[in-house]
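Work through the exercises below with the sequence and the 3D view side by side. Try each task before you read its solution.

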Amino acid sequence: MPLKWVLHWQPNAGTTVSSQILSEVSQCVESINGVKEGRWRATLTFYKPHTREQLMAAEFPRDFLGILLPEQPNKYYFIIRGQRIVLEADSSIQTLMEKLQSYKTRVALHFDGFQYQLGDFQLRVGKVVPTHSENLRGIVMEVEYLPISSVEKAKQIMEEFLDIWREAISKRSLPGHFMHMEPNFVEYGLTDHYTSQHTAVQYATVMAQLIATVQAVQSVRN
């Protein structure tokens, strides 16, 4: 499958994300001839162990995530960042987990936005919001390069594209920038050939960064 980078919006110190920034970013994609193709949506869930005893809870991984990706609607991906584990399962595993009740949902986050075509690239820009809420928690962008599925071979092309993108968005003087933090895929047992498991690991990394950003802003306010 095509290689993809997942980026997140890093606000400048003392600022937060807003719907205005999301709107400006979307306009910027269209200003560099991005053609809007429709909506896209992904869902990431944080799970916590459902145990009565505190000692037993300590034995379960705390950082346990599940993600449903739009390009693989029949699959569900689990990531345990502490142990560097990523697993692919049938989407029906969610129903099984509800029945077993070993884990319960702590919070579910939706990535919701638009997809754009830009030559050999596909861009998806969207907001991060909790279930049953419009409270904006972050902004993410997927950059997908359609001709190549090799992580290493696509790196230079992706970096050159991001340079063009950053130059375009810098003209809008927004209070922040998009960050790309590539995980060490080898630690998760993933090869150079890109798969949806690579995407799942990237989302887990992005969420860790978004949470750290929110906590930093809250600590400054306090």
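**Exercise 1.** Is Glu144 buried or exposed, and what is its relative accessible area?

*Solution.* Start with the cut-offs: buried means under 20% relative accessible area, exposed over 50%, and partly exposed in between (1.4 Å probe, protein chains only). Glu144 has a relative accessible area of 6%, so Glu144 is buried. Keep the source in mind: this is a predicted model, where local features need pLDDT of at least 70, side-chain atom pairs count only at pLDDT 80 or more, and totals for chains, interfaces and linings use all residues. Residues are numbered from 1 along each chain as its sequence is written, and side-chain values use heavy atoms, with hydrogens and water left out.

**Exercise 2.** How many salt bridges does the structure hold? Describe two more of them.

*Solution.* The structure holds 12 salt bridges. One of them joins the side chains of Glu24 and Arg172, 3.0 Å from N to O. Glu24 lies in helix 1 (residues 19–31), and Arg172 in the loop between helix 4 (151–170) and strand 9 (176–180), so the pair ties together parts 148 residues apart in sequence. Arg172 is partly exposed, because its relative accessibility is 26%.

Next, Lys155 forms a salt bridge with Glu182, with the closest N and O atoms 3.5 Å apart. Lys155 is in helix 4 and Glu182 in the loop between strand 9 and helix 5 (196–221), 27 residues apart. Lys155, at 24% relative accessibility, counts as partly exposed. Glu182 is partly exposed too, at 31%.

**Exercise 3.** Classify the ring pairs Tyr76–Phe78 and Trp165–Phe178.

*Solution.* Rings of Phe, Tyr and Trp (its six-membered ring) pair if their centres lie within 6.5 Å; planes under 30 degrees apart count as stacked, over 60 as edge-to-face and the rest as tilted. The structure holds 10 aromatic pairs. In one, Tyr76 and Phe78 lie 5.1 Å centre to centre with 80° between the planes, which is edge-to-face. The rings of Trp165 and Phe178 have centres 6.2 Å apart and planes at 50°, so this pair is tilted. Trp165 lies in helix 4 and Phe178 in strand 9, so the pair ties together parts 13 residues apart in sequence. Trp165 is buried at 1% relative accessibility, and Phe178 is buried at 3%. Ring pairs also link Tyr47, Phe64, Tyr76, Phe78 and Tyr103 into a cluster.

Terms used:
Salt bridge = Lys/Arg side-chain N within 4 Å of Asp/Glu carboxyl O. Helix = DSSP H or I, 4+ residues; strand = E, 2+ residues; numbered from the N terminus.
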